[in-house]
Amino acid sequence: MKNRDLLSAPVTVNWSLSYRCNFACSHCYSRKLETALLPLSEIRSVVDLLADKGVVFINFGGGEPLLLENLYDITAYAVSRGLKVTMNTNGWLLDPDAAVRIAAAGFHSVGVSIDSPDPKAHDLFRNRPGSFARALNSLDHLRQADVQSTVSCVINRMNLDNWTGMVDICRDHGARTLYLHNYKCTGMGQVNMGHLDLTPSQWGDFYGEALTVRDSLSDLVISFDDPIMAAIPGYKADGAVKGSTCGKLSLHIEPDGGISPCGFIPVTIGNILEDDFDRVWFDSPVLEKMRSKTPTGKCSGCDSYEDCLGGCSARAFAMTGSFDSPDPHCWVPDDPEECSA
Amino acid sequence: MKKLSRNPDVNWRVESHREAHVREVLEDPSRTGEDAEAVDVGTVTILAGGVMHQLNLLGGEIWKLCDGSLDRGSLAVRLLEMFDVDADTLKEDANAFIDEMMEKGLINEE
């Protein structure tokens, strides 16, 4: 990818203000990470820089954002600078008062994590009894405060057979979009992938089913995105870039201001307060590798490579240490003849 | 006359790095071979309904001018100050672009 083909800055910045969390979820990428936090004055400087660069969306994650006392001040400031702010929360701390403060701060929308329509399964996955009920309550509080909500569901073996039940949960609790996230084998996600991650063929079947369900609904948006879907016959992605979007449309900021390509790729490529942002965005050797991958293994000669560009760079990197390796979720067979059949 | 304005719910930005590159190519007579590629480069990004649109230099300038103060005629006059091309062709291209953007709900004319 040539520099002149790149957007002038990321469209979205996923920002982990802290890795502190009140949960210990089975798939968490950041559970074991610890870094210093930025003081509010420096966080404001980061917001200023992102606004000046033309970043459109900031999504707070981490870490549980609602543990941060200054979350509302930071958000109100970012909104005043013209940024659209969203966050992902487990919902535990999102009571009626928090919902009112969220509305006042100007959050564009709030995503609540719910990983199963079965309360017991969700609580087990999130390692927190009662978390399902509180997540549902948080959606109701958001609706009451007139804040747009979404639901995020990480697809894994536990919910593979009943994830469609999430549609009614969204409808009943006013969420406008259901995000289906693919499983990432980073951090605890790697530790637990043996019993939680799907097999490649299960991923292929899941995406086929998800597309059918998505296209059958008119009252709820189901959103999912995975570059390996390019291997589905007849599938046409409507994304702005091919392959992983990380490092092309988005970046991740760590709690201490470190910049990484994505939250699931624990490689720091600069610091937003110390390094020239344009130099990191345009010239980072790590980003360059992600933007200009070389097909290896079964990707070499595969008909889908032109569109999937090897799939998710984070998964390939987590499993092999190379962005060029085939996505471990890809269901296309190793044999090139089977691949094109 | 009806004025043209951008849909206020649409997020957009100028791709300053790309725009600078395109202008550099178009203004440098020694790089005429790169013209065809340059005119297709997206210099304005529009994000609407979960879809990202890229506008080339002409489209991007039209988009920027749709601030509610100009009608089609006065917008064409402003464009002719920027682009050294045949007036009728430019008006035709601009009108086609505006019609397309109106169909997508990205530009209003009222």
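Which residue takes a positive phi in the hairpin of strand 3 of chain B and strand 4 of chain B? In this predicted model, the residue is Gly49(B), with a phi near 60°, and the hairpin has two residues between its strands. The structure is a predicted model, in which local features need pLDDT of at least 70 and side-chain atom pairs count only at pLDDT 80 or more, while totals for chains, interfaces and linings use all residues. Residues are numbered from 1 along each chain as its sequence is written, and chains are lettered from A and ligands numbered from 1 in the order in which they are written.

The model scores ipTM 0.86 and pTM 0.92. For chain B, the mean pLDDT (the predictor's confidence in each residue, from 0 to 100) is 93, and 100% of the residues reach 70 or more. Within chain B, confidence is highest in strand 1 (residues 4–6), at 98, and lowest in helix 2 (residues 35–38), at a mean of 79. Helices (H or I, at least four residues) and strands (E, at least two) are DSSP runs, numbered from the N terminus.

Strand 3 (residues 44–48) of chain B pairs with strand 2 (residues 11–14) of chain B in the antiparallel sense over four bridges, and Arg13(B) stands opposite Thr45(B). Strand 3 of chain B also pairs with strand 4 (residues 51–55) of chain B, again in the antiparallel sense, over five bridges; here Leu47(B) stands opposite Met52(B).

Chain B also contains an open sheet of three strands in the order 5-1-6, with antiparallel pairing. Its edge strands, each pairing on one side only, are strand 5 (67–70) and strand 6 (107–109). Neighbouring strands of this sheet are turned by 20° against each other on average, direction ignored. Two bridges link strand 1 of chain B to strand 5 of chain B, and Leu4(B) has Leu70(B) as its bridge partner.

In chain A, ten strands form an open sheet in the order 7-6-5-4-3-2-1-8-9-10, and the pairing is mixed. Strand 7 (221–223) and strand 10 (270–271) of chain A are the edge strands, each of which pairs on one side only. Strand 6 (residues 177–181) of chain A runs parallel to strand 7 of chain A and is joined to that strand by three bridges, with Val221(A) as the bridge partner of Thr177(A). Helix 5 (residues 131–144) of chain A lies across strand 4 (109–113) and strand 5 (149–154) of chain A, at about 165° to strand 4.

Helix 1 (residues 40–53) and helix 2 (residues 71–80) of chain A pack at an angle of about 25°, with their axes 10 Å apart. Helix 1 of chain A is therefore roughly parallel to helix 2 of chain A, a term for angles under 35 degrees. Axes are lines fitted to C-alpha atoms, for helices over the stretch in contact, and angles run from 0 to 180 degrees between N-to-C directions. The contact involves Leu40(A), Ile43(A), Arg44(A) and Val47(A) of helix 1 and Asp73(A), Ile74(A), Tyr77(A) and Ala78(A) of helix 2. Two residues are in contact if their C-beta atoms, placed from the backbone, lie within 7 Å.

Between the chains, nine residues of chain A are in contact with eleven residues of chain B.

Definitions and conventions
Angles under 35 degrees count as roughly parallel, over 145 as roughly antiparallel, 65 to 115 as roughly perpendicular and the rest as oblique. Two strands pair if DSSP finds at least two bridges between them.
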